[in-house]
Amino acid sequence: MSTPFRYTRPLPPKAATGHVAEVYEQMSRDFGIDEPVTFVVLSSAPELLAPTWALMRESLIAGPGSRTGKELAALGVSLANRCPFCVDAHTMLLHATGDHSLAERIARGERPENEEHARVLDWGRHTRVPGGLGAGPYPFPREHAPGYLGTAFAFHFINRIVSALLTENLLPGNAQRFRAVRSLAGRTLARTVRRPARPGASLALLDLPDPGEAPAWADGTPVGLAYAALLREAMAGARLLGAEEQDLVEETLLDWDGSHPPLDLSGFPDRRERPGARLVLLAALAPYRITDEDVAAWRRPEHTDQLLVHLVAYGAFLAVDRVESALYRPIART
């Protein structure tokens, strides 16, 4: 029996209890999908599942700004990160917003006709390059910044988790590549996507006695607490590397210019010598290049699915942190 999971065996959502079951319940209600594998793959590490969901919910679903605009931002991010699974997912979600012709133009690789839409899509693409947006204004008003920025950061993280730990097939047999299937799938989600969601509802799912400092760009919205909670949990994966390996990967990220690595992966640690550091850097810079051999070289009896998810999440968030630290600045109104 085929499975969308590459290296882990998470419990089926129907078997979830307690905190994880509460996350799935809210996800079903506010996202409209009962068992999204994007999040099921994180259930091996429940402490990462809740803040990842919270960041996506509070920005994309409940945050300020139009859902169409934020879906375009997420699509631009996913295109830049070469995550076909997420590109297909957001194309279907554009159908759910009612923007059918826009969804199909993007599915054909064409530029949106509406210039505001085109600017948002381009903005999402350019966020992969630290500092690559230049000094120009963002293509959204200041009051919508938490929604758009939170969405971009959420999908820089989610793209990497998906590319590392899932197959590329959003639907069985890649059925989402057919226009009729994309449109129908979008229509089934339309009622949920167009229904307003109450900001902050996901924060009750988080362990927030000390989530850390919320970033200034979140402007006091629930997006900031969700971002701080995910940062805290994802960066805890550093403990899986030795001090020298942590320094190596963090220094590499400081020098990263947003480019995709060469085919020969020159400059990456050898999997036989530093398999953990190699996996972290691949998760950050090219998660679609992680191979069975890379994972096998790191696996030990004590390296559970939970620890593998944490290792990948650490690499993924190092990239998010690099993008976020270079991207934030006072936002000009368009």
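**Close-up views of a predicted model**

View 1. Helices here are DSSP runs of H or I, at least four residues, numbered from the N terminus. This is a predicted model: local features need pLDDT of at least 70, side-chain atom pairs count only at pLDDT 80 or more, and totals for chains, interfaces and linings use all residues. Residues are numbered from 1 along each chain as its sequence is written, and side-chain values use heavy atoms, without hydrogens and water.

Of its 16 lining residues, L79, I106, A107, R108 and G109 are the closest to its centre. A pocket is an open set of points on a 1 Å grid over the protein atoms alone, where a 1.4 Å probe fits, with protein on both sides within 12 Å along at least five of seven lines; lining residues have an atom within 4 Å of a point.

**View 2. M56 has contacts (heavy atoms within 4.5 Å) with F31, F39, I61, A154, F155 and I158.** Residues up to four places away in sequence are not counted.

**View 3. D257 sits in the loop between helix 11 (243-254) and helix 12 (275-285).** D257 touches V129 and P130, leaving out residues up to four places away in sequence. D257 and A284 are 27 residues apart in sequence and 12 Å apart in space, C-alpha to C-alpha.

Conventions:
Helices (H or I, at least four residues) and strands (E, at least two) are DSSP runs, numbered from the N terminus.
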